[in-house]
Amino acid sequence: MTDTVQQVLILGLGLIGGSLAKALRQRNFCPRVVGYDRNVAELEAGVSLGVIDEAALDLPAAVTNSDIVVLAVPVKAMETVLAQITPHLKPGALITDVGSTKGNIIAAARPILAGQLHRFVPGHPIAGSEKSGVAAADGDLFRHHKVIVTPLVENSAADVQTISRMWQITGAEVLQMEIDRHDEVLAATSHLPHLLAFSLVDTLAREEDSTEIFRYAAGGFRDFTRIAASDPVMWRDIGQANRDAILKQIDRFSEGVSKLRTAVAQGDGETMTGIFTRAQSARQHFSRILSSTAYANTMTTNDVTFHVQPGGSANGTIRVPGDKSISHRSIMLGALADGITEVSGFLEGEDSLATLQAFRDMGVVIEGPYEGEVKIYGVGLNGLQQPPGPLYVGNSGTSMRLLSGLLAAQSFDTELTGDASLTKRPMARVADPLRLMGAVIETAENGRPPMKIKGGQPLKGIHYDMPMASAQVKSCLMLAGLYAEGETSVTEPAPTRDHSERMLRGFGYPVAQQGNLVTVESGHSLSAGKIDVPSDISSATFFMVAAAICPGSDITLQHVGINPTRIGVINILQLMGADLELLNEREVGGEPVADIRVRYAPLKGIHVPEDQVPLAIDEFPALFVAAACAQGQTVVSGAEELRVKESDRIQAMVDGLKILGVDIEGTADGAIINGCEAFGGGVVESHDDHRIAMAFTIASLRAREAITVNECANVATSFPVFVELAQQVGIKVTKEEK
Ligand code: NAP
């Protein structure tokens, strides 16, 4: 086929054929768009409405002069028209179709086209309406819709490209799919819902008091049955053409309805809640169904930029969202507990939502989150079920590492996947010790995700001397230890977060602690309870540093978790001379909590004690900014872990602060930072790392010029309301979403 298409013939000038003709004419795809239809009135209307350039009355002649012939007749008529046109095809011409089913059309085309099958590139636009006929033709019908092309092995790449280009010109997004897969997917997403709508309306219409029923039919009925107004002939044809795939879907649906029927009959609220909450979250994440992954992998777009003006302030009283680590663990342990766990203050960030979704996918009924409240119907330690597909945990390293320990002990196979940034992070640190326990885990090259975990492997308790201080590795092994034969113990080289230990004990599970050695043994169970998640000290850090560096500031952060394994930032800021007070200290659910008040006071440079580094590991992006505002030099060492976080945080902070004019030098395990009076401005990159993005936002409080921070979408992973709270305290930040 030459690159230049002179004439397209649309055969069947109804809704779809007419809309394609109109779109191709409006967008000048080729010099001539000709229409043919057995219904001459439709053809005449096509010319008078400007849908086509010309009406073809002689089909063979029109075929001979066309470079592309588009079959837009009902699916059952495809075979007849193919037989009519094949003898008249111009050399090199292509055929495509718009049929809603593919397997039957291709089966019919094989004997007719025989040696010319390579000319047929099948397609199906996923756009339409319940109207039919050329009068309903709409040149924008395919804009922002998908068109599925199902190439045959006989097709050349160039011909597939020509047909794809024709659809792209109409504004559609073109996808490729195998023929059988197309018919299966469409049976589930289009054919079954249409058949159900027809059936429901028909069933109700045949009731004696149907007029009465329809009179009171509310919006739900109208929405659900809108598609029952579609063309009956077309749907009869589809019902016949895609029989097997539709039958499979009807059977699956019948099974689902009968489960629901049993739940309704027995007044089984938990099963109903399970079905409805899973359906609700699936409805909110449609794309995940289309991509067959367990969790939407389009949670964030990378097109968010923060613009920050100088001259802001940091004043007021705020409560930052719930602790991310505790939110993750509340879902995990709540799911594994016996009974119902009620969580309040849950962080509705994408990372903890990824954990929540993973457990829903493993059959756990979870209500919410509604304004931080979550209700988890625990299934017990052995009640998880195999998820329908890979568990997609987005950007969340915590989810992947902790879940791997739990999944290594389950009876079923699982796969953990994540976004591009998570896919670069090391997982060997959890996979290696889990393998020592008997787990069978496959990772990609260099121990990176995805992690494929084989089920049904008996685990044995081990003692593990952690080579690095990592709460995620420790927690992962403890979770595996709940299932392993005997005792599992972990020694940590330096103290790390102990939320898992505290929460396990809170759920009544014994955890032994001797100095830096933590031990669990299998054979116990978790009992459900209430969890009030304290505010996240890592999120609070940005506002502590904001007040500490901005003259005139006075900020109070309420209900912040001050777990001793997390207060490195408080200790370091106090060593630097910050005016920071803990008020109203108390204990909530095993975790210490306080209100934190910070007023501006000049900071001085220090050598950050290495024993504080693991206690403040997530806080360094903000602490680098504090150090850059301090008098004298600050040295950070023993923090090589920062190089394998969501980004290489040492490099990201060094690069960004240099752009702002700071005298800073990166080292293998930290940085040497010389403080200055004020920063300049400029464009800095956050490398998709939420904490880098937030650190440069607060840096604006000491900048003379505006700062633009790129790639800030991942702020939603840990601190979805950061911009709103920053504006509330007086930071002059705006968010630009593209
Ligand atoms: P439509 O509005 O009824 O148009 C079909 C046209 O083809 C009618 O004018 C019909 O004429 C004509 N036709 C039927 N048999 C013919 C023959 N043997 N020779 C010449 N013309 C013939 O239907 P549509 O909604 O556009 O559907 C067309 C195709 O698109 C179908 O294959 C359908 O599966 C597919 N599709 C439809 C939708 C949708 O939502 N509607 C979406 C995607 C794909 P008569 O009126 O005389 O029968």
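The following legends describe close-up views of a predicted model.

**View 1. Strand β2 and its two neighbours, β1 and β3.**
Strand β1 covers residues 7–11, and its pairing with β2 is parallel, over five bridges. One place to look is Val8, whose bridge partner in β2 is Val33. Strand β3 covers residues 54–55 and also pairs with β2 in the parallel sense, over two bridges. Here Gly35 stands opposite Ala55 of β3. Strand β2 itself spans residues 32–36; four of these five residues are buried, so the strand is largely enclosed by the rest of the structure. In general, the strands of a sheet pair through backbone hydrogen bonds, and the pairing is either parallel or antiparallel.

Helix α1 consists of residues 15–26 and forms a right-handed β-α-β unit together with β1 and β2. Helix α2, made of residues 40–48, belongs to a right-handed β-α-β unit with β2 and β3.
Leu11 lies in strand β1. Is Leu11 buried or exposed? Its relative accessibility is 2%, and because buried means under 20%, Leu11 counts as buried. Ile85 is 74 residues from Leu11 in sequence, while the two C-alpha atoms are 9.9 Å apart in space.

The ligand is surrounded by 25 residues. Which of them are the closest? They are Ile16, Asp37, Val73, Ser100 and Gly133. A backbone N or O atom of Leu15 is 2.9 Å from a ligand oxygen atom. For Ile16, a polar backbone atom lies 2.8 Å from an oxygen atom of the ligand. For Val75, the distance between a polar backbone atom and an oxygen atom of the ligand is 3.5 Å.

**View 2. Strands β7 and β8 with helix α6.**
Strand β7 (residues 146–149) pairs with strand β8 (residues 173–176) in the parallel sense, over four bridges. Ile148 has Leu175 as its bridge partner in β8. Helix α6, residues 157–169, makes a right-handed β-α-β unit with β7 and β8.

**View 3. An open sheet of four strands.**
The strands of this open sheet have the order β14-β15-β17-β16, and their pairing is mixed. Which strands stand at the edges? They are β14 (391–392) and β16 (441–444); each has a single partner strand, so one side of each is left without a neighbour in the sheet. Strand β17, residues 448–453, runs antiparallel to β16 and is joined to it by four bridges. Glu442 has its bridge partner in β17, namely Lys452. Helix α17 (residues 428–436) packs on the sheet and touches β16 and β17. The direction of helix α17 makes about 160° with that of β16.

How many of the eleven residues of helix α18 are buried? The helix, residues 471–481, has eleven of its eleven residues buried and is mostly covered. Among the buried residues are Gln472, Lys474, Cys476 and Met478. Ser470 caps the N-terminal end of α18. A side-chain oxygen of Ser470 lies 3.3 Å from the backbone nitrogen of Gln472.

**View 4. An open sheet of three strands.**
This open sheet has the order β26-β28-β27, with antiparallel pairing. Strands β26 (633–636) and β27 (663–667) stand at the edges; each has a single partner strand, so one side of each has no neighbour in the sheet. On average, neighbouring strands of this sheet are turned by 10° against each other, direction ignored. Strand β27 pairs with strand β28 (residues 670–674) in the antiparallel sense, over five bridges. In this pair, Glu665 stands opposite Ile672 of β28.

**View 5. The helices on the sheet of β26, β27 and β28.**
Helix α22, residues 620–629, lies across β26, β27 and β28 and runs at about 25° to β28. Helix α23 (residues 649–659) packs on the sheet as well, touching β27 and β28. The direction of helix α23 makes about 160° with that of β27.

Note on methods. Residues numbered from 1 in each chain as written. Predicted model: local features only at pLDDT ≥ 70, side-chain atom pairs only at ≥ 80, totals over all residues. Heavy atoms only, no water. Buried < 20%, exposed > 50% of the residue type's maximum accessible area, 1.4 Å probe, protein only. Pairing = 2+ DSSP bridges. Right-handed = clockwise from strand over helix to strand, strands pointing away. Contact = heavy atoms within 4.5 Å. Axes fitted to C-alpha atoms, helices over the stretch in contact; angles between N-to-C directions. Near = heavy atom within 4 Å. Polar contact = N/O pair within 3.5 Å; in protein donor to acceptor, adjacent residues only side chain to side chain.
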